[in-house]
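Morning, everyone. Please bring up the model on your screens, and I'll walk you through it.

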Amino acid sequence: MTTQQSAAVPEEPVVELGKPDEFEQRPHREIRLVMVGLVITMLLAMLDNLIVGTAMPTIVGELHGAEHMSWVVTSYTLATAASTPIWGKVGDLYGRKGSFLVSIAIFLLGSALSGMSQDMTQLIAFRAVQGLGAGGLMVGVMSIMGALVPPRERGKYQGMFAAVMALATVGGPLIGGFITDHLNWRWTFYVNLPLGAIALVFIVVVLKLPKIRSNAKIDYFGAILLTVGIVSAVLITTWGGHEYAWGSKQILGLGALCVASLIGFCYVEQRVAEPVIPLQLFRNRNFTMVSIIGFIVGFAMFGAVTFLPTYQQIVQGASATNSGLLLMPMMFGMLVVSLAVGQAITKTGKYRIYPIIGTAVMAGGSLLLSTLAVDTKSFTSSCYMVVLGAGMGFLMQVTMLVAQNSVEMKDMGVASSSATLFRTIGGSFGVALFGTLYINRLNDTLKDAGMGGGGAATGSMTPESLKNTPPEQVAVIQHGIANGMHTVFLWGTVISVVAIAAALFLREVPLRGGPAAAEAKADAALEGAL
C-alpha cells in the first residue's frame, strides 16, 4: 500500500487480505453511535418471524393459502440458514461494511415485497428474498462488533444484544398482535422499513472500517455444496415426522443428499485458496468446542421456546393473548447473567469458567423443567425457567466471543457466521428431535387412556378447542403434555452434559486487546527497536 493511497482515505484505510492487523483504538462515542445501528439491525433480524407468526392466521385467511402456511416460515428459514456462511466469507474477502449494507438492503427489499404480496406464491418467494438478507444481518452485526471492539472490551457492549434478544422474544408477539388488530397485516413487513432506514444511515455515516483489497474469488462450488447440505438438513428437521414419516424415502433421500453434499464440501474446502469455511479453524480446540456448545445452546433454547408455551397454556391455563410474556422469566435470567458476565470478562479478562458454569446451570435448569407435572404451580415453573435462562446467559455471548478470539481478524466473518450457523442448525434439530419425543410420549399417554392421539399428532389441540372437551379427557391430555415435557427436558439434560464436557476442554487463551496483549505488543516494539 503506497503513501498516497493511505493518505487518500485516512478514515477507511486499505488493508491487504491476509496481512496481520490490530484492533484500532476508537473513541467510545464512535462505537456507541455504531452500536445504535447494530442494535436496530439485530432487532430487525430477531423480531421478524415473531411478529409475522402472530399475524399468520390473518395473512393466510386473506391470501387463501392455509395449506401453504408452513412454507411462509420455511422459505425464510432455508434462505437464512443457507446464506449465513456465505455472507461471513463475503465480508472477510470484500469488506464487512459493504456486505452488511447489501444484506440490510436485500432484507428491506424482501420486506417491502412481502408486504405487497397478492397471493401465497408471491409471499413465499418474497420471504425467501427477505431470508437471504436476514442471513447477513446477524453475521454482519457480530463480525463488525468483532472488528470494532477488542474481545477484552466486548463485555461492555454484549449486554445490549442480550437485552435485544429478550425484548424481541417478549415484544414480537405483542407488536404482531397490535399491528394485525389495529392496522393491517401488511404492516408486519412494512414496519421493518423505517427501522432499517435508520440503521442504514447510522452504518453509512458513522461506521469506518478498513477497506479490503483482495483478488480472491468466492468458492462457488463449495458454497453450492454447503447450501445443499444445509437446506437438506433444515428440510429434514422441518418435514420429518410432520410432512413425511422419518423412515420415508423422502426423508432418507434428503439425509443421503445432506451427507453426500457435506462430504463433498469438506473435500473441496481442502483444495481451494479461499474456502467458505476454512476447515483448519477446527484444528483450534477452542473454536471446535464453542461450536459444539453453540449447537447445544440452540438445541436447548429453541426446544424450551417451542414447547413451554403449550404446557403453560393448556396445563397451567395461561392466556395465549400475551404469549411472549410466558417466556419472560427465562429471558430475564438470560439478560441479567449476560450483563454480569460481560462486565466480569471486561474487568478480569478471564472467560473459561463461564461456559463451564453455564453448561452446568443449563443442565440443571433442564433437569428441573423435566419435573413439570399437572399440578406444578406457575411460580415454580417460572423459577425453573429462570435457571435455564441463567445458564444460557453464561453462554450466549461468551461462545461468540471465544469463537472470534480464536481466529485471525481476516476470518472474523467466518467465525461469526459459523457460530451463528451452528446455533441455528442446533435449534432446527432440537425442535425436530424434541418434537418427535414430545408427540410420541403424548400420543402414548392418550392411547393408554383409550383416546387415540391423532389430534395431538396433527397439532390440532389448542386451549380454545379444549373448552368443549369433557373434563376427564382434558385431564388426560394435560397429563400427556406433562409427560411429553418430562421426556423433552430429560433428554435436554442429557444433551447438556455433552456441552459440559466440551466446556471443560476449553483453554484460557488471553483475549486480544487486554493488558497482556498490550504488554506483549510493547515488548515486541522494544525488541524491534533494540
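Let's start with one residue. Leu225 counts as buried, because its relative accessibility is 16% and the cut-off for buried is under 20%. Leu225 sits in helix H9, which covers residues 220-239. What does Leu225 touch, once we set aside its neighbours within four places in sequence? Four residues: Ser261, Gly264, Phe265 and Val268. Now look at Cys266. Along the sequence, Cys266 and Leu225 are 41 residues apart. In space, their C-alpha atoms are 9.2 Å apart.

Before we go on, a reminder. This is a predicted model. Please keep that in mind for everything I say.

Now zoom out to the whole chain. There are 530 residues in the protein chain, and 53% of them are buried. How many helices and how many strands does the chain have? The secondary structure comes to 18 helices and 2 strands. Next, the contacts. Take those between residues at least 6 apart in sequence. Of these, 84% join residues at least 24 apart.

Pair one is H12 with H14. Helix H12 spans residues 328-348, and helix H14 spans residues 378-405. Their axes are 6 Å apart, and the packing angle is about 40 degrees. That angle is why H12 and H14 are described as oblique to each other. The crossing of H12 past H14 is right-handed. Which classes of residue make up the contact of H12 with H14? There are 15 nonpolar residues and 6 polar ones, with no charged residues.

Pair two stays with H14 and brings in H15. Here the packing angle is about 145 degrees, and the axes are 9 Å apart. H14 passes H15 in a right-handed crossing. On the H14 side, the contact is made by Met396, Thr399, Met400, Ala403 and Gln404. On the H15 side, the residues are Met412, Ala415, Ser416, Ala419, Thr420 and Arg423. By class, that gives 6 nonpolar, 4 polar and 1 charged.

Helix H5 runs over residues 120-148, and helix H15 over residues 412-448. They pack at an angle of about 135 degrees, with axes 8 Å apart. So H5 and H15 are oblique to each other. Right-handed or left-handed, how does H5 pass H15? The crossing is right-handed. From H5, the contact takes in Met138, Val139, Met142, Ser143, Gly146 and Ala147. They meet Met412, Gly413, Ser416, Ser417 and Thr420 in H15. The contact of H5 with H15 has 5 nonpolar residues, 6 polar residues and no charged ones.

Let me stay on H5 for a moment. Thr121 is found in this helix, H5. Is Thr121 buried or exposed? Thr121 counts as exposed, because its relative accessibility is 62% and exposed means over 50%. Now find Trp71. Thr121 and Trp71 are 50 residues apart along the chain. Their C-alpha atoms are separated by 9.5 Å.

Last stop, helix H17. This helix covers residues 471-504, and Val474 lies in it. Val474 has a relative accessible area of 15%, so this residue is buried. Its C-alpha is 9.1 Å from that of Val315. In sequence, Val474 and Val315 are 159 residues apart.

Val494 is in helix H17 too. How exposed is Val494? Its relative accessible area is 46%, so Val494 is partly exposed. From C-alpha to C-alpha, Val494 and Ser366 are 9.0 Å apart. Along the sequence, 128 residues separate them.

Quick recap, then. It is a predicted model. The chain has 18 helices and 2 strands. H12 crosses H14 in a right-handed way. H14 crosses H15 in a right-handed way. H5 also passes H15 in a right-handed crossing.

Note on methods:
Residues are numbered from 1 along each chain as its sequence is written. This is a predicted model: local features need pLDDT of at least 70, side-chain atom pairs count only at pLDDT 80 or more; totals for chains, interfaces and linings use all residues. Side-chain values use heavy atoms; hydrogens and water are left out. Helices (H or I, at least four residues) and strands (E, at least two) are DSSP runs, numbered from the N terminus. Buried means under 20% relative accessible area, exposed over 50%, partly exposed in between (1.4 Å probe, protein chains only). Contact means heavy atoms within 4.5 Å. Axes are lines fitted to C-alpha atoms, for helices over the stretch in contact, and angles run from 0 to 180 degrees between N-to-C directions. Angles under 35 degrees count as roughly parallel, over 145 as roughly antiparallel, 65 to 115 as roughly perpendicular and the rest as oblique. A crossing is left-handed if the near helix is turned anticlockwise from the far one by less than a right angle, and right-handed if clockwise. Ala, Val, Leu, Ile, Met, Phe, Trp, Tyr, Cys and Pro count as nonpolar, Asp, Glu, Lys and Arg as charged, and the others, Gly among them, as polar.
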